[in-house]
Amino acid sequence: MAEVIDRHELWASLDMDLETHDVLCSVLPTAFGDTFLSQENRPEGMAFWDMVVADVHGIRPQELVDEQAKGRKVFGTFCTYVPDEVAIACNGIVTGLCGGSQFWVPEGEKYLPADMCPLIKASLGARLGKTCPFFRIADQIVGETTCDGKKKMYEIMAKDVPMHIMELPHQKRDKDVKYFADEIALFGKNVEEVTGVTLTEENLHAAIELINGRRKALARVYETRKNTDVIPISGTDALLMMQIAFFDDPARCTEMANKLADELEQRIADGVSVFPAGTKRILITGTPMAIPNWKLHHIVETSGAAIVCEENCTGTKFFTNLVDEGPTDFAGMYQALAERYMKINCTCFTPNEARIDEVIQLAKDYHVDGVINTNLKFCTTFKTEAPALEKALEDAGIPVLDIETDYTDNDAEQLRTRIGAFVEMLS
Amino acid sequence: MGEANPGVRIDCYVLFESHTDAMDMFARVRSYGVDARISTTPRQARSSCGVALLVPSDQATQVERIAQEESLAYERIVALPCQINPKRDVYC
């Protein structure tokens with residue numbers, strides 16, 4: 001029998017606040033339609049991601065609940081530094097956690113200072129307000145010490161849900177990589193306790209291969225965006241793919257991303273572009289854009305420009321660099337995992353000049369006309385790093401626009417004015 | 001919340017009881033060249049969330065015919081004034 005689309009029974013079983021959650025559900029169709037269905041000539045392969053987001057609190061949550069009924073455990077994560085491979089090796093499931101909507105911010109502000117970044121406030125609000133099924137389903141949340149705001153938020157969230165926190169060093173010396181390898185081993189012990197499944201070298205290696213496969217597939221999609229003659233996919237659609245990648249089954253994500261990449265490569269061969277020739281190409285860098293944060297992408301791409309790359313956690317940081325598949329013993333694999341994850345250039349590190357080099361390199365690789373450096377309000381590390389990054393870009397002859405925003409709609413018109421002027425300047 | 005485009009264009013939303021039905025229908029009608037797109041279900045069409053199919057109103061009859069010929073399951077088709085406004089700037 002077909003699965004019934006009305007999810008209220010599922011949400012009630014998760015002890016969700018149905019009435020409040022319904023307010024969020026009522027906004028999604030409008031935002032989705034305006035953002036995605038207003039685009040012309042989208043790749044056929046986007047139908048899969050459209051389906052997922054059209055029932056984002058239904059299809060995947062139901063799958064997770066069904067798997068839990070078979071005995072599997074679900075680990076909720078916020079960040080690209082948590083190694084999915086470890087949980088997957090013990091038959092666990094990793095899911096991203098919602099944190100990209102203003103809808104959850106007021107609930108978070110009941111417990112957190114108002115001058116904290118909206119992603120943190122929304123994450124706590126989604127859990128404590130009982131308005132996100134992923135937060136309700138997770139058997140355990142896995143945090144990481146990437147910023148002070150998150151660390152303090154975890155203390156509050158941990159009173160409501162089991163939590164394991166990974167200590168992420170904030171420097172990248174050899175001893176720091178070794179430290180993180182030890183943290184990954186500790187996470188392995190935790191995963192074994194939660195799942196009741198013994199972590200084996202064979203299963204960990206298989207999980208490394210699986211997640212490397214996902215990285216390669218997502219990278220294939222991005223590779224097509226480097227083409228200078230054809231822009232085969234909008235930045236808004238690519239962002240949606242990346243956002244869903246945090247939530248989806250990794251094998252299916254790999255399959256669907258590869259299918260999409262096939263189509264995009266064919267589009268390049270056929271000269272099929274989403275944007276007219278000469279459209280200005282933009283690289284976005286900065287803070288992550290958790291689902292359903294589509295605001296900046298939509299404004300940029302309805303202001304005469306195309307986004308061709310995202311240098312952030314919901315972009316290249318998620319898939320750049322593979323884990324070395326050479327080692328097959330625990331020590332070697334933990335080290336290989338640590339080396340890969342510690343290459344992510346987050347602003348929580350000091351120094352973090354590698355991010356500046358990476359942004360400039362990506363700007364060249366993707367042949368961009370300009371960079372938009374964006375940070376969520378009250379994200380201190382990204383804000384502090386902005387002047388150095390922007391000076392380096394200007395020194396490299398790459399125009400840059402600095403944007404600070406949040407999840408509210410209030411500044412949309414101001415953003416349209418500023419971004420429109422920036423795009424015009426690029427011409 | 002801002003208003004939808006006040007234009008005269010009418011869109012049709014095909015509603016389903018399951019997302020698998022929606023994806024089956026999508027694949028089949030696309031193979032006939034119907035300009036169908038996967039969509040959320042507008043609140044004006046139904047009070048619960050879910051996957052719908054958005055088709056131009058002048059192709060709705062063709063969709064009904066394909067569904068009948070190929071025994072594709074769907075709930076109903078709802079015609080609505082265009083709900084899409086890219087400059088509305090109302091986000092989730």
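Which helix gives the largest share of the lining of the largest cavity? The largest share, four residues, comes from H2(A), where helices (H or I, at least four residues) and strands (E, at least two) are DSSP runs, numbered from the N terminus. This is a predicted model, in which local features need pLDDT of at least 70 and side-chain atom pairs count only at pLDDT 80 or more, while totals for chains, interfaces and linings use all residues. Residues are numbered from 1 along each chain as its sequence is written, chains are lettered from A and ligands numbered from 1 in the order in which they are written, and side-chain values use heavy atoms, with hydrogens and water left out.

Rolling a probe the size of a water molecule over the atoms shows where empty space is left. On a 1 Å grid over the protein atoms alone, a cavity is a set of points where a 1.4 Å probe fits but cannot get out, whereas a pocket is an open set with protein on both sides within 12 Å along at least five of seven lines; lining residues have an atom within 4 Å of a point. Grid points are joined across faces, edges and corners, and a volume is the space filled by probe spheres set on the points.

Searching the whole structure gives four cavities of 30 Å³ or more. The largest cavity has a volume of about 180 Å³, and of the 17 residues that line it, A:Leu24, A:Leu28, A:Val56, A:His57 and A:Pro292 are the closest to its centre. Helix H2 (18-37) and helix H3 (46-54) of chain A each supply at least two residues of this lining. Sorted by class, the lining of the largest cavity has 14 nonpolar, two polar and one charged residues, where Ala, Val, Leu, Ile, Met, Phe, Trp, Tyr, Cys and Pro count as nonpolar, Asp, Glu, Lys and Arg as charged, and the others, Gly among them, as polar.

The second largest cavity holds about 120 Å³ of space, and of its 13 lining residues the closest to the centre are A:Thr80, A:Val82, A:Asp84, A:Arg214 and A:Phe318. H11(A) gives the most to this lining, with three residues, and the classes are seven nonpolar, two polar and four charged residues.

Turning to the pockets, the largest pocket has a volume of about 680 Å³. The largest pocket is lined by 36 residues, with A:Leu119, A:Thr146, A:Cys147, A:Lys150 and A:Pro288 nearest its centre. The second largest pocket has about 480 Å³ of space, and of its 27 lining residues the closest to the centre are A:Leu37, A:Gln39, B:Asp35, B:Ala36 and B:Arg37. H3 of chain A and H1 of chain B are among the elements that each supply at least two residues of the lining of the second largest pocket.

How do those two helices pack? H3(A) and helix H1 (residues 19-31) of chain B pack at an angle of about 155°, with their axes 11 Å apart; axes are lines fitted to C-alpha atoms, for helices over the stretch in contact, and angles run from 0 to 180 degrees between N-to-C directions. H3(A) is therefore roughly antiparallel to H1(B), a term for angles over 145 degrees. The contact (heavy atoms within 4.5 Å) is made by A:Ala47, A:Phe48 and A:Met51 of H3(A) and B:His19, B:Met23 and B:Phe26 of H1(B).

Technical notes
Angles under 35 degrees count as roughly parallel, over 145 as roughly antiparallel, 65 to 115 as roughly perpendicular and the rest as oblique.
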